[in-house]
Amino acid sequence: MESTKPTEDSFIYIDIDAIDNKTHKVINPKTIKKQDAPSRATRKLSTGDTLFSMVRPYLENIAFIDCSLNNCIASTGFYVCKPNALLFPIFCFNLMTSKYVIDGLNSFMKGDNSPSINNENILNWLYPIPPFEEQIRITKTINSLYTMLDNITAEL
């Protein structure tokens, strides 16, 4: 994960409370002046990243970073999952929001007041990663099912 201190006079900051854990979207990013930046503001984000909260992961504060949030800075309370040539960005997001990953990573939680997991828990978890083309096919199927669900919900 790339860590960096903010360099602009002000920047967009994403803390854990900026995530809607029902829709898995960033809904409340803050614009902060560099001199007011919290010490946790060091996770550099790019389009296609997936944020996964390491603090109270059972709350499912997970979000996909779209182009409107490119170059934002996130809290160190997040693990930033970065896509690469072998990992399709939206497949990664769908994987990280799956019950398999969430329940699996929750099993590593430690602490009473703010139970959390660490980078090693995420890095060492066993993820099922199909070939790239299959990731794209799975993502298209999931998106199509969500569209159908949205249509049915709207009709009701």
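**Two loop residues and the overall fold**

Asn71 sits in the loop that joins β7 to β8 (73-75). Its phi is positive, about 70°, although Asn71 is not a glycine. Asn71 is partly exposed, with a relative accessible area of 48% (buried means under 20%, exposed over 50%, partly exposed in between; 1.4 Å probe, protein chains only). Arg56 also has a positive phi, about 50°, and is not a glycine. Arg56 lies in the loop between β6 (50-53) and β7 (62-64). Its relative accessibility is 28%, so Arg56 counts as partly exposed.

The model is predicted: local features need pLDDT of at least 70, side-chain atom pairs count only at pLDDT 80 or more, and totals for chains, interfaces and linings use all residues. Residues are numbered from 1 along each chain as its sequence is written, and side-chain values use heavy atoms, without hydrogens and water.

The chain holds 4 helices and 9 strands (DSSP runs numbered from the N terminus; helices are H or I of at least four residues, strands E of at least two). From the N terminus, the order is β-β-β-β-β-β-β-β-β-α-α-α-α. The radius of gyration is 16 Å, close to the 15 Å that the globule rule gives for 156 residues, so the chain is as compact as a globular protein of that length. The radius is taken over C-alpha atoms, and the rule is 2.2 Å times the number of residues to the power 0.38. Buried residues account for 35% of the 156 residues. Of the contacts (heavy atoms within 4.5 Å) between residues at least 6 apart in sequence, 71% join residues at least 24 apart.
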